[in-house]
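Morning, everyone. I'll walk you through one model today, chain by chain and then across the contact. Let me put it on the screen.

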Amino acid sequence: MTTNTLISNLTRLIFYIGIQIVFFRSLVLFNVSFCFIYVGAILALPKETSHTYLILISFVTGLMVDAFYNTMGMHAAAMTLIGYLRPYLLLLITPQRGYEEKSEFSINSMGFIWYITYAGILVMIHHFCLFFLELGSFSLFFTTLLKIFSSFLFTIFMIIIFQYFSKK
Amino acid sequence: MNELFLFISRSRAFLIFAFLEIFALYCVYRFNNYGNAILFNTTTSLVAKAVKTQNAAIRYTKLNDINESLAQENLRLNAQLLQIQNKIALDSNNLKLDSAITSRLTLQYAEAINFTTNQRNNYITIDKGTNHGIKPNMAVISASGAVGKVKMCSANMSLVTSILHSENLVSSKLKKSGTLGSVKWEGLNPKTVELLYIDIYEVIQKGDTVLTSDINSVYPRNIMVGRVKSVKKGQQFLNITVDLSTDFKNLAYVYVVKDALIDEKNGLESSINNPKK
């Protein structure tokens, strides 16, 4: 990884966490729809990021968000899981041409359908993990499912919007 | 031995994942209980600084509402003061109350700099801490009603467990009949809570006032909780929904209640519970 990509990835990570904390933390639609845009920063890390770094970065990101939400460990657990699963998912949904040497994971370079599958699966895993950890029991099962799906739509929508904005 | 190292090196991603995941889950288990402190939270100095700055910026957009609610509160307090003054003037024999009772409760105002209303367990961060004499388990109220209780304090910040917390039950009573019950948040709507354990034979009407009870270990008595929104018959108890009087979504200023006799009370109670000491 060159210094240039390192800096650009780090900037993006900080930007996503920042905007999560400052803006999306207080934006909840209809009491059920949350937006966890910071997941997008992990999705966008380049393919050559080593697996261990990916897990570590995910964990630290989760921990930082946790501190602001007063939910010690929940975001960290969800993020560590998707950080771990990402390389396996990439193997599973390899496009026909295979990945290029320096694949950027964006709608621009990988196509809309591929990106939606990729982001959708990871965001869904993240949300399931997060909301059921938060619940701590199965007492509000259907409410939580509603929260998961509405937040899923909101998060995916925002991640895609951000993709188009960061287009060069 | 060499193979062991090779194995570790090959599966290091999984090992790191397993370690961090277990650590995170341990944190969830250990720090998100009702009783336990949270390791990193919004009272941790760096995080607190960030939320404070953010709050200072957002506050400007809310100033109108805040002024309005403060004016309302002044109005209410002035009316009450007039009433009390009249009462004292009418009382011919000027009795003096024991100062230990009259000055038992004091209030410390604080600014709510960070709060959530939509998580399963919600907390409020306030900008006063142990330096201002705040301790865990003190009651927090707003101009319009009960808010929560202090969970933990740093030097200049405190974390308050909101009534909107899955395990924070408030001992309450109905103003009309004095019947005791518990107020508990059901987890979705931040404007309503449920009033539990009210017997099915009680007569309760929409709009009845719910106050904190006299046997409450946290709140002072007769603090407004809310008004009854709807009543439905259940198996053994009534299912009562209560409209909260505190608007948790627009919380700005709160009061922390300091009880001068709390140590004495706790000391007495613990001496009963542990008679050997």
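So, how many helices and how many strands are there in chain A? Seven helices and zero strands, where helices (H or I, at least four residues) and strands (E, at least two) are DSSP runs, numbered from the N terminus. Before I go on, the housekeeping: this is a predicted model, local features need pLDDT of at least 70, side-chain atom pairs count only at pLDDT 80 or more, and totals for chains, interfaces and linings use all residues. Residues are numbered from 1 along each chain as its sequence is written, while chains are lettered from A and ligands numbered from 1 in the order in which they are written.

Okay, chain A overall. Reading from the N terminus, the elements go α-α-α-α-α-α-α. Its radius of gyration is 15 Å, close to the 15 Å from the globule rule for 168 residues, so chain A is as compact as a globular protein of that length. That radius is taken over C-alpha atoms, and the rule is 2.2 Å times the number of residues to the power 0.38. The C-alpha atoms of chain A fill a box of roughly 45 × 30 × 30 Å along the principal axes. As for burial, 38% of the 168 residues count as buried (20 or more other C-beta atoms within 10 Å of the residue's own; 12 or fewer is exposed, in between is partly exposed, and C-beta atoms are placed from the backbone).

Now look at H3 (residues 51-69) and H4 (residues 74-92) of chain A. They pack at an angle of about 160°, with axes 7 Å apart; axes are lines fitted to C-alpha atoms, for helices over the stretch in contact, and angles run from 0 to 180 degrees between N-to-C directions. That makes H3(A) roughly antiparallel to H4(A) (over 145 degrees; under 35 is roughly parallel, 65 to 115 roughly perpendicular, the rest oblique). By class, the contact of H3(A) with H4(A) has 14 nonpolar, seven polar and two charged residues. Here Ala, Val, Leu, Ile, Met, Phe, Trp, Tyr, Cys and Pro count as nonpolar, Asp, Glu, Lys and Arg as charged, and the others, Gly among them, as polar.

On to chain B. It has five helices and 12 strands, and its C-alpha atoms fill a box of roughly 95 × 55 × 50 Å along the principal axes. Of its 277 residues, 31% count as buried.

Where do the chains meet? The contact takes 27 residues from chain A and 30 from chain B, with two residues in contact if their C-beta atoms, placed from the backbone, lie within 7 Å. On the chain A side, H3, H4 and H6 (112-135) each give two or more residues, and H3(A) gives the most, with nine. That side has 17 nonpolar, eight polar and two charged residues.

Among the residues involved are A:Leu81 and A:Tyr84 from H4(A), and B:Phe17 and B:Leu20 from H2(B). The contact of H4(A) with H2(B) divides into 11 nonpolar, one polar and one charged.

Last stop, A:Tyr115, which is in H6 of chain A. It counts as partly exposed because it has 19 C-beta neighbours inside 10 Å. Beyond neighbours within four places in sequence, A:Tyr115 is in contact with A:Ser106, A:Ile107 and A:Met110.
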